[in-house]
Structure formats: structure tokens, C-alpha cells
Amino acid sequence: MALARAWSVALVGVEGHVVEVEADLAQGLPGLTVIGLPDASLAEARDRIKAAIVNSGEHWPSRRITLALSPASMPKRGSSFDLALAAGVLAADGAVPRDALAGRVLVGELGLDGRVRGVPGVLPAVLAGLRAGFERFVVPVANLREARLVPGVSVIGVVSLRSLVGVLREGLAGDEPDSPVAVCAPAALPDLIDVAGQADGRTALEVAAAGGHHLFMLGPPGAGKTMLAERLPGLLPELSVEEALEVTAIHSVAGLLPSAGPLITRPPFQDPHHTASVAAIVGGGSGIARPGAACLAHRGVLFLDEAPEFAPGVLDGLRQPLEKGWASIARAGGTAVYPARFSLVMAANPCPCAQAQDGCTCPPDRRRRYLSRLSGPLLDRVDLRVTVPRVTRAEMLADDGRGEPSAVVAARVAQARLVAAERYDGTTWRTNNDVPPTELRRRWPAGRAATKQADQALDAGQITARGYGRVLRVAWTLADLQGLTVPGRDQVGLALGYRTGLAARSLAA
């Protein structure tokens, strides 16, 4: 029986599914058929693998060849199946031992000359194979460092189909990169010490970092809104191993991993331009949707500068990620789900002319129309709203215009996050912003005396039920930063002020 099996991985979003590749050689008119819902690039693999096998000095069987990819009901896309398809044909023809493919997953694209090219999504493919019980993998040398980020697996790199034949036929060790890539020291992050004044903005930034909260800053141009936002990643702790693999997998699918040091250990920072589309921010594209900026900011920061200039549909498209922590994008070819748990930071000018307060000539109704581009449902999901005023000359001269350095603030943030992690030990929650408000009220009640102001604001219609829960989340973060075991009236009052303070009044004006 001229039948052989190989294995590869199909990606849907960041979720991988092991695919069994069956190669059958039968009598009949010579030809090659690929079945199992292949897309156009996968259907074209028949020409790539034939040319690669012949140009690698191997025999191409003049028989009717059928390549079946199972499960047949799941769409398969991309060129990453080329290695498995070619290996299946060679094994069915007896050019390589069939048992050499057992328990081994192959991922990679073939060139017509037999070279093996790198492909996106190798890290989630290896993770999916490991979950399915596979521990041996063959990947392009270009993806070797990425694949070896996964512990507990044996990964071999190949530069060509000829190298793969040597691995399968003779048990060779495969290929390694020609020279080690010099890993440069990470670039220094912007420091809060460079921000003059802005005590309220700095405090709000610290609270956002400690609890994973969302932040909206309103102020004139040049006040320091962008400087504050760019310094938020420097206040966040480094990613854990689990988080780093999660974030790296998303960037791998997007094809954005650097060749040197592919593991992402720092919280990512995404600041898309205000002309970006929904597909660029949330995710999209033909076939299976690719991750957008919101997904690439997972475990990090998504900064929308000049937020009212973004299209309303783009801003409202962020509602699901803000509420759920993931983005579900449905297309004709299937639905992709990407993790998208990030801290949203929005900045806006008080009016479209962006002039200093004394020089602004915008009428009140024009200001209202400008800021009303930020919908109520979106702002209701933002925990902290602060006004960032112009920096005065006295603030610039005080202490040479230097504020508290990021390292000092980051230490307080790390301690507050540690306290929260101990409180939520045994759950899936890491920060206060992760906890559902119902669970927060039921399992960690703050007391009626502490929440009296928030209760009155809810009864008066000043905040929504969602807003009430977010006030409690911020209150717990303030308590963690101040070393308290439970938030009191002061913490709840300050959290309520962040929600109904100057920025909120400006929006309602």
C-alpha cells in the first residue's frame, strides 16, 4: 500500500489545530490532487512541492497522487503545509521511511528550488502540537529560535528539502542558523522624570498601571498627554513566562517577531494613527482575520492620541475587547478569536482648533460636537478621566522640571499588583480590572459606609451600574497602593471623582 501520513498545524487566530496529511499513490493518470478545504495558496502547493522534490534530486512518482488534509471540514490556509505534503509524498514513494514521520509535526513553506522559507505563526503551531501530544517538530531555520521558546519539545531546523530528507532518511541533526544573532540590550523606555508638573495626570497613570485600568486625558496641546501615555509601559511589570508566550504568539501570527530575541518580555505599546480602519485597530482581512492593534497590545497599552479624530465605528469596535478581554472577528472563512486584554489610554484636545485656552474661538456647541464623537458607551468603559492642564513656568522651574522617576513609581505599582494577586489567588484574575463587579461586591465587599457616595451617585443617575462597578475596582486599586486591606470612604470618593471629575464635566458641557 503506497500510503503515508505526516502532520502539520492549521491556525485559526492564535488557536492551532493539528492536521493529519495523508498521501496516497495509486494507479491511474499521473496527477496531484489536494483535498480537505484548501485555500488558493495551499492548492498551489502541488506545483511547489513537485518542483522542490525534483530540484532536490529526488524522484517524483508518475502516479495518481491524492493528498488529504484531515479534519476535512476545517478550512486550511497558507503555505505552511508544504513540508508535510512533500514529506508525505516522499514517504509514500518509499524515498524516506514512513515511521520517521510518526509523532513529528512539520511546518514550513517550500520554494521551487527546494529551499524552506519561514512562515508566520510557528510559535502557536508548536504550542498546539504540544497540547495534542507531539514533542518533535521540524521548522524552517528562520523560525528555529521562535519554536525553541516552547519548553519540553525537540525542534529541528531545516534550510532545504534536501536537509529534511537527511533528517528523515539518515537521522541527521538538521541545520542551525549560520551565525548567532546578536541580541541587543532592550532600548530604554521613556521615564516619568522627564514630565514636568502634572501631578494629577501622574497619579492617574500610576493608578492605571497598578490596576490595569483605562484612562482618558483631556487637555490642551503641549500639556504632556502623549508624554504621560508613552511612559505607562515603563510602569508595568515585565510579563510572566506564560504571558510572554501568549503575547509572542499573537505577534508571531501577525509576522511581526524580530529575528533577534523573538520572545516579547515587556508589555507591548501600540499607538495607531487616527486614520486607521476597524481592521487595523480590532483586526480583519480576507479569509481568517489577522490581529489588529488592540490584539497586538494584549497585556500592554493601546494609546489613541487625538481620540475624537478616529472614526466612530473604529472607537465603538473597541467595546467588546474592553469588556471581554478578547476580540471575536467573523469572516466568511471562519471566526478568529484573539486575546485583547490591554489598558486603553485616550487623549483629546478640548476643541478642534487645538489652540491655547485664551486663543480658542470655538463656540460651545462646536466643542460639544467634537467631544461627542467619543460615544457614551465607550466612555462608560473608561475608569479614569482626568484633565491635563497647561504646565506653568513655576512647575517647569521646580526641581528643574523633573518629577518622580519611573523606577520609584514602578516599584509601588509592582507592590500593589502583588497585593491584588495574593487576594485573587486561586482565580483567573490578575488585576482589579479583571474582576467582575458582581464578584467584587460579593466576595470582597467594601462596606456600606465606604460606598455611600457611590451609592448616592448611582441613585442620582450620575453613574451607570457599569460605572458603579468600575468605581469599586479603582477604589480597590487605590487601597492596594496605600497599603490598606479594604477601601474606605476616601478611596471610593477619589475613585468616584476620577469618573465624574473635571474631564467628565468637560465632556458633558
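1. Let's start with the overall picture. Of the protein's 509 residues, 52% count as buried. Keep in mind as you read that this is a predicted model. The C-alpha trace spans about 85 × 45 × 45 Å along its principal axes, and the chain forms 22 helices and 18 strands.

2. Next, the surface and the contacts. The accessible surface comes to about 22,000 Å², and 53% of that belongs to carbon and sulfur atoms. If you take contacts between residues at least 6 apart in sequence, 73% of them join residues at least 24 apart.

3. Now look inside. In soluble globular proteins, nonpolar side chains tend to be buried together. Here the largest nonpolar core has 48 residues, and Leu215, Met217 and Val345 have the most contacts inside it. Which helix gives the most to this core? That is α20, residues 465–481, with seven residues. Apart from this core lies another one of 45 residues, including Ala4, Leu67, Leu90 and Leu101.

4. Methionine 217 deserves a click in the viewer. Leaving out residues up to four places away in sequence, Met217 touches Lys225, Leu228, Ala229, Val345, Met346, Ala347, Ala348, Val386 and Val388. One of these partners, Val345, was named above among the residues with the most contacts in the largest core.

5. On to a sheet. Strands of a sheet pair through backbone hydrogen bonds, either parallel or antiparallel.

6. β11 and β14 run parallel and are joined by two bridges, with phenylalanine 269 partnered by valine 301 in β14. Four bridges then join β14 to β17, again running parallel; here leucine 302 has leucine 344 in β17 as its bridge partner. Strand β10 (residues 215–218) also pairs with β17 in the parallel sense, over four bridges, and phenylalanine 216 finds its bridge partner in methionine 346 of β17.

7. Ten of the 13 residues are buried, so α9 is largely enclosed by the rest of the structure. Among the buried ones are Glu243, Thr248, His251 and Ser252, along with Leu245, Val247 and Ile250. After α9 comes glycine 255, with a positive phi near 70°.

8. Some backbone details are worth checking. Serine 70 and proline 71 are joined by a cis peptide bond, with omega about 5°. Proline 71 lies in the loop between β4 (64–70) and α3 (82–92).

9. With a relative accessibility of 4%, glutamine 198 counts as buried. Arginine 299 also has a positive phi, near 70°, and sits in the loop between α11 (293–296) and β14 (301–304). Arginine 299 counts as buried too, at 17% relative accessibility, because the cut-off for that label is under 20%.

10. Finally, the cysteines. A disulfide is a covalent bond between the sulfur atoms of two cysteines. How many disulfides does a search of the whole structure find? The search finds zero. Cysteine 295 is buried, with a relative accessible area of 1%, and cysteine 362 is buried as well, at 7%.

Methods
Residues are numbered from 1 along each chain as its sequence is written. This is a predicted model: local features need pLDDT of at least 70, side-chain atom pairs count only at pLDDT 80 or more; totals for chains, interfaces and linings use all residues. Side-chain values use heavy atoms; hydrogens and water are left out. A disulfide is a pair of cysteine sulfur atoms within 2.5 Å. Buried means under 20% relative accessible area, exposed over 50%, partly exposed in between (1.4 Å probe, protein chains only). A nonpolar core is a set of buried Ala, Val, Leu, Ile, Met, Phe, Trp, Tyr and Cys residues joined through side-chain atoms within 4.5 Å. Contact means heavy atoms within 4.5 Å. Two strands pair if DSSP finds at least two bridges between them. Accessible areas come from the Shrake-Rupley method with a 1.4 Å probe; for residues, only the protein chains shown count as cover.
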